[in-house]
Amino acid sequence: MLTFLARRVLLLLATLLVASFAIFVVLEVLPGDAALLMLGIEAQPDTLAALRDQMGLDRPALSRYLAWVGGLAAGETGVSYTYGVPVSQLISERMSVTLPLALMALVLSVVIAIPIGMLAATRRGTVRDYGVMGFSQIGMAVPNFWFAILSILFFAVLLGWFPASGFPGWEAGVRKALWALVLPAISLALPEAAILARVTRTAVLDTLEADYVRMARAKGLGPRRVLWSHVLRNALVPITTIIGLQFAFLLAGSIVVEAVFALPGLGRLTFQAVSKRDLIVLRDVILLLVTLVVIVNFLVDIAYAVIDPRARYAA
Amino acid sequence: MIRTADITCLRRHLGLLVGAVLTGLVILAALVSLFWTPHAFDAVSISQRLQGPSGTHWFGTDHFGRDIASRLMIGARNSIMVGVVAVGIGLVAGVALGLLAAARGGWVDDLVARGADIVFAFPAVVSAILITAVFGPGAVNAIIAIGIFNVPVFARVARGAARQVWNQEYARSGLAIGKSSAAITRDHVLPNIAPVLIVQATIQFAVAILAEAALAYLGLGTQPPSPSWGRMLFDAQTFMALDPKLAILPGLAIFLAVLGLNLLGDGLRDTLDPRLRTERMG
């Protein structure tokens with residue numbers, strides 16, 4: 001187990017190193033003059049020179065890369081060109097919107113998907129099963145930002161139950177702030193719930209056929225007991241994997257939904273950094289998103305190895 | 001039991017049929033738009049703005065008085081083109097890498113597998129943002145970004161399926177009689193993994209259409225005046241309180257196209273081989 005863990009940690013670090021190098025090459029080496037890209041061709045020569053100086057563009061690319069990664073490792077981020085504050089401060093401000101949003105969406109997705117996925121599996125071939133599968137197909141095909149737009153039209157514009165866009169901030173009170181996140185969270189959760197319901201159905205169907213389930217039934221356990229303590233427990237392995245991946249993708253994928261609702265979250269920050277070409281913000285935010293995905297994958301691998309010893313030797 | 005089996009059979013073929021019809025309609029709309037649309041997609045007529053459906057304007061007009069049906073047809077063409085090129089990039093590069101990894105094994109295999117892991121760490125929208133930040137927004141850059149995202153998907157699927165073929169005796173015996181691994185890949189591996197690849201391509205096509213619509217909505221994909229479904233939704237947000245159809249129709253087009261491709265992919269998988277399991281990547 002220790003060797004496995006050590007190898008996984010090394011792999012995690014190597015992946016992050018390569019990914020950060022790729023981000024650096026795309027954002028700062030490919031454009032040639034990153035300062036010119038950020039300011040545009042009409043920039044004043046002295047502003048341009050100042051930014052070049054701030055970004056250290058006169059130094060060789062490799063030393064700039066090392067300075068960036070070394071700074072991050074020491075907990076120091078660059079200073080945003082457009083906002084004039086450290087990127088870490090921007091990220092933590094925006095995370096106070098994106099993180100609760102992603103968590104709400106994830107909880108919604110799990111609460112919807114697991115019961116209906118189990119229902120479909122245990123009532124295989126019935127009308128309910130086809131109902132769940134139909135919901136799943138529809139949920140996967142509805143673009144989340146279209147659902148977001150329609151929900152604004154219906155619940156905010158027509159009925160007036162929710163604010164159409166914007167975020168009052170946590171200062172305005174937790175209830176008010178959470179209320180503003182309800183429609184975005186539902187929009188994000190719908191496609192994820194659709195996929196998760198399908199995965200749950202398949203996982204439960206697979207375990208329903210296992211010998212130990214037949215054994216549990218043969219020794220006289222009731223159907224409810226078999227379902228909850230034998231089937232669901234074993235089916236949880238693939239389900240957890242998908243939930244982990246979905247959380248990472250919810251953090252990154254909220255970019256479009258945050259744009260629809262004009263929420264000041266991480267996605268909005270990324271999008272604004274692209275429009276304003278603030279590469280200093282962009283490289284840190286993208287690396288953060290990639291790191292989250294990689295860490296979640298790492299944790300899922302570790303969880304696998306804890307549950308199933310065979311996985312320790314597979315990789 | 002027989003009834004259940006009948007229903008399953010019917011549902012499977014029904015899904016395949018519905019999927020094929022929806023996909024066919026989208027392709028048809030795209031093809032027809034090459035030669036003919038009811039109106040010019042960019043013909044502005046302020047006096048005719050925000051009209052309801054009628055004989056002249058089947059789906060009505062938008063806030064500039066442009067014909068929505070014509071714009072949806074060109075939008076279909078746009079989505080199909082994005083899907084074909086983005087999936088094409090992923091299919092060619094990914095399958096080549098996957099086949100190579102399976103045929104060579106050893107460090108080549110490790111390199112491809114780890115490389116796929118790293119590219120996978122960049123969600124499609126994130127890699128698209130990375131690319132458009134430097135090269136500017138536009139349809140071509142969006143397609144490239146989605147294409148890059150597709151490479152590891154196909155590399156993984158091809159590698160996994162090809163390794164199974166390589167474990168079969170007929171592939172191994174090819175080596176024994178002195179066939180090169182390239183020849184075995186061509187004669188045995190590729191034909192055997194083709195069904196998996198076709199199914200995966202159908203699903204990735206749907207993913208590509210969704211991703212392009214999201215990028216176009218953000219203003220990072222297809223640029224105006226070219227109509228795209230995603231951008232039409234963005235424009236609709238300003239006027240939807242006045243005219244809800246603006247927000248409903250383009251989304252419905254995306255929904256039906258994606259639903260059709262997903263149903264087609266699932267139906268093909270069940271028909272070609274019920275044991276096949278494909279990866280579904282968001």
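Read along the sequence, chain A follows the pattern α-α-α-α-α-α-α-α-α-α-α-α-α. Residues are numbered from 1 along each chain as its sequence is written, while chains are lettered from A and ligands numbered from 1 in the order in which they are written. This is a predicted model, in which local features need pLDDT of at least 70 and side-chain atom pairs count only at pLDDT 80 or more, while totals for chains, interfaces and linings use all residues.

User: How many helices and strands are there in chain A?

Analyst: Helices (H or I, at least four residues) and strands (E, at least two) are DSSP runs, numbered from the N terminus. The C-alpha atoms of chain A fill a box of roughly 80 × 60 × 35 Å along the principal axes. Counted in this way, chain A has 13 helices and 0 strands.

User: What percentage of the 282 residues in chain B is buried?

Analyst: The secondary structure of chain B comes to 9 helices and 0 strands, and its C-alpha trace spans about 75 × 55 × 35 Å along the principal axes. A residue is buried if 20 or more other C-beta atoms, placed from the backbone, lie within 10 Å of its own, exposed if 12 or fewer, and partly exposed in between. For the 282 residues of chain B, the buried share is 49%.

User: Which helix of chain A gives the most residues to the side that touches chain B?

Analyst: Two residues are in contact if their C-beta atoms, placed from the backbone, lie within 7 Å. Here 40 residues of chain A are in contact with 36 residues of chain B. The elements of chain A that give two or more residues to this side include helix 1 (2-29), helix 10 (223-261) and helix 12 (279-307). With 7 residues, the element that gives the most is helix 12 of chain A.

User: How many nonpolar, polar and charged residues has the side of chain A that touches chain B?

Analyst: Ala, Val, Leu, Ile, Met, Phe, Trp, Tyr, Cys and Pro count as nonpolar, Asp, Glu, Lys and Arg as charged, and the others, Gly among them, as polar. On the side of chain A that touches chain B, 40 residues take part. By class they are 34 nonpolar, 5 polar and 1 charged.

User: Are helix 7 and helix 9 of chain B roughly parallel or antiparallel?

Analyst: Axes are lines fitted to C-alpha atoms, for helices over the stretch in contact, and angles run from 0 to 180 degrees between N-to-C directions. Angles under 35 degrees count as roughly parallel, over 145 as roughly antiparallel, 65 to 115 as roughly perpendicular and the rest as oblique. The axes of helix 7 (residues 181-218) and helix 9 (residues 245-272) of chain B come within 9 Å and cross at roughly 165°. Helix 7 of chain B is therefore, relative to helix 9 of chain B, roughly antiparallel.

User: Is the crossing of helix 8 with helix 9 of chain B left-handed or right-handed?

Analyst: Helix 8 (residues 229-239) and helix 9 of chain B pack at an angle of about 160°, with their axes 8 Å apart, and are therefore roughly antiparallel to each other. A crossing is left-handed if the near helix is turned anticlockwise from the far one by less than a right angle, and right-handed if clockwise. The crossing of helix 8 of chain B with helix 9 of chain B is left-handed.

User: Which peptide bond is cis, with omega near 5°?

Analyst: Most peptide bonds are trans. Pro225(B) is found in the loop between helix 7 and helix 8 of chain B. The cis bond is the one from Pro224(B) to Pro225(B).

User: Is Ala262(A) buried or exposed?

Analyst: Ala262(A) lies in the loop between helix 10 and helix 11 of chain A and has a positive phi of about 50° although it is not a glycine. Because Ala262(A) has 11 C-beta neighbours inside 10 Å, it counts as exposed.
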